[in-house]
Amino acid sequence: MACLCCMEDLDFSILLAIEIMSDYELLYMLREGSKRRRVGTSHKEQRGRCRERVGNSKPKRTKLLNNRNHRSQTTTASTATQKQNHHHFWLVQVVWPLVHMAFFRSISALSRLRSRVGQQSNLADSVRWLQTQSSTNTDLFSELKELVPEYQERVKKLKKEHGNVELGKITVDMVLGGMRGMTALLWLGSAVDPDEGIRFRGMSIPECQKKLPGAFPGGEPLPEAVLWLLLTGKIPSKEQVDSLSQELRSRATIPDYAYKAIDALPVSAHPMTQFTTGVMALQVQSEFQKAYEGGIAKARYWEPTYEDSLNLIARLPAIAAYIYRRKYKDGKIIPLDDSLDYGANYAHMLGFEDPEMLEFMRLYVSIHSDHEGGNVSSHTAHLVASPLSDPYLAFAAALNGLAGPLHGLANQEVLRWIRSIVAEFGTPNISTEQLSDFIYKTLNSGQVVPGYGHGVLRQTDPRYTCQREFALKHLPNDPLFQLVSKIKEVVPPILTKLGKVKNPWPNVDAHSGVLLNYYGLTEENYYTVLFGVARSIGVAPQLIWDRALGMPLERPKSVTLEKLEQLCGKSS
Ligand code: AMX
């Protein structure tokens, strides 16, 4: 422990002590592992027993020594050599491996903690980081159930002890400017930094790509893993993710009337209109609505909300795929494949089998899942759920917000705009001047450049960057990808010159279309449906937490224009 004294940060000492403690547990677990497999005890029970054993180890050892002393007094054959052998046994078999393991684990813990010194400066952050390292239940509901009381306590404490702490001031600009920069929502799953972009439970996209389980080693993060992370704040193991995949597949049965509700719309209806209709039809099966009508207690609201949320997430790909098959293909339903994960199954039900497309869908769904709480779709879901509307009602409302061209529909607009460039010049291989002229033409006709700008971000969206990396790896010579790369060079200086655009850089929607197009999903009007399926994975966890934390009906105060003028008159 001497090295701890050299450490500048007390957090490190505490965390290192936790790490070392867990080494003893680990050793006992390793030794007990084979027994556990034989008798079939749960991991959790085993962990409890390990704790007991660590706690009891000293008295047991003393007893053993006493017994040995007793034997040595009564047995004349107990020689000095036997004693030596016994000591040797303890030294080699028990003490040395413990010291050895504790030493090396301490070194590795130290280096991991040291590498975080720049990022994590307080204990709360560091402990949160440790919490994301592991979890034990393979069942998501059980995992969540353990966490709910802890989070409830944290929120209760905050309200009681710090309810009056100010988070900022509200200006006229904010009221007239779409509430930009107004911190007014609790959102557990993710946060957007203007320069760094999204972090899912504190983890950037590259970190998620590294740490979350994929379909194969080194593969893109599985959407199920993102769901687990967003809901629990913990990094799931592959075993946990596989179990969640299986659970989602088992919940994915679609009632016939949902297909019929979609069929009642003309095929020409926009895919997002068909999608919202399908979600509304699924609402008939809401567990929350049934439980509420049955008089469920407030403390248990989150449980049927969890059921609805998982059912909704599980059923969306089949509904969404049906819409695609109905509108653009032969209308035949491709059944779910029991061997595939969530993202791959969605691609499969759409009619795609190329492993690269399946992998892209995993990435696509993962990165489109969540983008903190203030964006139109997420905020809408949270708002609509606040008077206890069930997750289906809330999510259908969110989809209607996502269908706006300044939000989720931008992905369709981007590919349409890129195609119009190609149509104008007859080739995607155009000069910088030609592209520049086209961009000015768009702006001069009073339109926005789709895929550029953002309400919060002030740098290139990391969701754009990871799609670009995927494209560089798999389709570097695709002409439309090359055009997208050129657009990224030409648009920002032009938008900057306008003098009013706060963020001239590309957002998530600037890239997805060319990748989908490359893999054969060419119907751009469908793109927002993909976004919608993904968004359920970000929105649903917050709806569950909203109910678990007893979040109240949302009801901000509005102000009339006259009152605003009057207030401004007073302050000038
Ligand atoms: N092209 C042209 N003008 C743009 C622009 C763009 N890409 N982005 C912003 N502007 C303009 C705005 O229209 C506004 O003009 P106005 O004062 O004449 O009304 C001015 O610049 C200031 O806007 P801002 O503060 O920079 O942006 P915002 O927060 O009001 O809006 C957004 C953000 C995304 C709606 C806007 O950048 C935009 O319209 N982008 C194009 C559409 C798009 O890509 N949307 C997808 C966003 C990501 C997502 O939600 N999926």
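Of the 20 residues around the ligand, those that come nearest are H407, G451, Y452, K502 and D509; a residue belongs to this group if one of its heavy atoms lies within 4 Å of the ligand. The model is predicted: local features need pLDDT of at least 70, side-chain atom pairs count only at pLDDT 80 or more, and totals for chains, interfaces and linings use all residues. Residues are numbered from 1 along each chain as its sequence is written, and side-chain values use heavy atoms, with hydrogens and water left out.

**The ligand**

- The shell around the ligand comprises 10 nonpolar, six polar and four charged residues. In this scheme Ala, Val, Leu, Ile, Met, Phe, Trp, Tyr, Cys and Pro are nonpolar, Asp, Glu, Lys and Arg are charged, and the others, Gly among them, are polar.
- D509 places a polar side-chain atom 2.6 Å from a nitrogen atom of the ligand.
- Polar backbone atoms also take part: one of Y452 is 2.7 Å from a ligand nitrogen atom, and one of L406 is 2.9 Å from a ligand nitrogen atom.
- On its own the ligand has 890 Å² of accessible area, of which the protein covers 75%; such areas come from the Shrake-Rupley method with a 1.4 Å probe.

**The chain as a whole**

- The chain has 25 helices and two strands, taken as DSSP runs numbered from the N terminus (helices: H or I, at least four residues; strands: E, at least two).
- Of its 572 residues, 47% count as buried. Buried means under 20% relative accessible area, exposed means over 50%, and partly exposed lies in between (1.4 Å probe, protein chains only).
- The chain exposes about 28700 Å², and carbon and sulfur atoms supply 56% of that area.
- Among contacts between residues at least 6 apart in sequence, 76% join residues at least 24 apart, a contact being heavy atoms within 4.5 Å.

**Salt bridges**

- The structure holds 23 salt bridges, each defined as a side-chain nitrogen of Lys or Arg within 4 Å of a carboxyl oxygen of Asp or Glu. Side chains of opposite charge can pair when their charged atoms come close.
- R325 pairs with D330, with the closest N and O atoms 3.1 Å apart. R325 counts as buried because its relative accessibility is 10%.
- E523 and K329 meet through their side chains at 3.9 Å, N to O. E523 lies in the loop between α23 (509-518) and α24 (527-548) and K329 in the loop between α14 and α15, so this pair ties together parts 194 residues apart in sequence. E523 is buried at 15% relative accessible area, whereas K329 is partly exposed at 39%.
- D341 and R362 form a further salt bridge, their closest N and O atoms being 2.9 Å apart. The pair links distant parts of the chain, 21 residues apart: D341 is in the loop between α14 and α15, and R362 is in helix α16 (residues 355-368). D341 is buried at 10% relative accessible area, and R362 is buried at 6%.
- Salt bridges with shared partners join E413, R416, R419 and E524 into one network.

**The surroundings of L336**

- L336 is found in the loop between α14 (302-328) and α15 (342-350). Its relative accessibility is 32%, so L336 counts as partly exposed.
- Leaving aside neighbours within four places in sequence, L336 is in contact with R249, A252, N345, H348 and M349.
- L336 and P317 are 19 residues apart in sequence, and their C-alpha atoms are 9.3 Å apart in space.

Note on methods
A polar contact is a pair of N or O atoms within 3.5 Å; within protein, one must be able to donate a hydrogen and the other to accept it, and residues adjacent in sequence count only if both atoms are side-chain atoms.
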